[in-house]
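Reader: Please present the structure, and then let us discuss the pairing of its charged side chains.

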Amino acid sequence: MSSSRVGLRLAACLLNVSEAGRKYIVENIAKAALLDKNGKKHPQVSVLNIFSDQDYNRSVITIATSVDKLVDKRNQA
């Protein structure tokens, strides 16, 4: 079945952090992905998953947003 409608395009980031023992640090990093510099929630940004491995002291935070919400800052002064 084909459709002319284009679905929502998502961008995902798997952020690897060298921390698993101190849960509050990992959670603060995840919260930072959701908020702008003024503490206001970014629209359409979600933390999909947080996986922590105590044995290897690593955490992976999966963050997703709409491709349309991404900003190319390379050409901004």
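**Salt bridges in the predicted model**

Author: The structure holds 3 salt bridges, a salt bridge being a side-chain nitrogen of Lys or Arg within 4 Å of a carboxyl oxygen of Asp or Glu. This is a predicted model in which local features need pLDDT of at least 70 and side-chain atom pairs count only at pLDDT 80 or more, while totals for chains, interfaces and linings use all residues. Residues are numbered from 1 along each chain as its sequence is written, and side-chain values use heavy atoms, with hydrogens and water left out.

Reader: With which residue does R9 form a salt bridge?

Author: R9 lies in the segment before β1 (10–17), and its partner lies in the segment after β3 (58–66), 59 residues apart; strands are DSSP runs (E, at least two residues), and helices are runs of H or I of at least four, numbered from the N terminus. The closest N and O atoms are 3.8 Å apart, and the partner of R9 is D68.

Reader: Is E19 buried or exposed?

Author: E19 meets R22 in a salt bridge at 2.7 Å, N to O. Buried means under 20% relative accessible area, exposed over 50%, and partly exposed in between (1.4 Å probe, protein chains only). R22, at 43%, is partly exposed. Because its relative accessible area is 9%, E19 is buried.

Reader: By about how many helical turns are K23 and E27 separated?

Author: K23 and E27 form a salt bridge, with the closest N and O atoms 3.8 Å apart. Both belong to helix α1 (residues 23–34), and because they are 4 residues apart there, the separation is about one helical turn.
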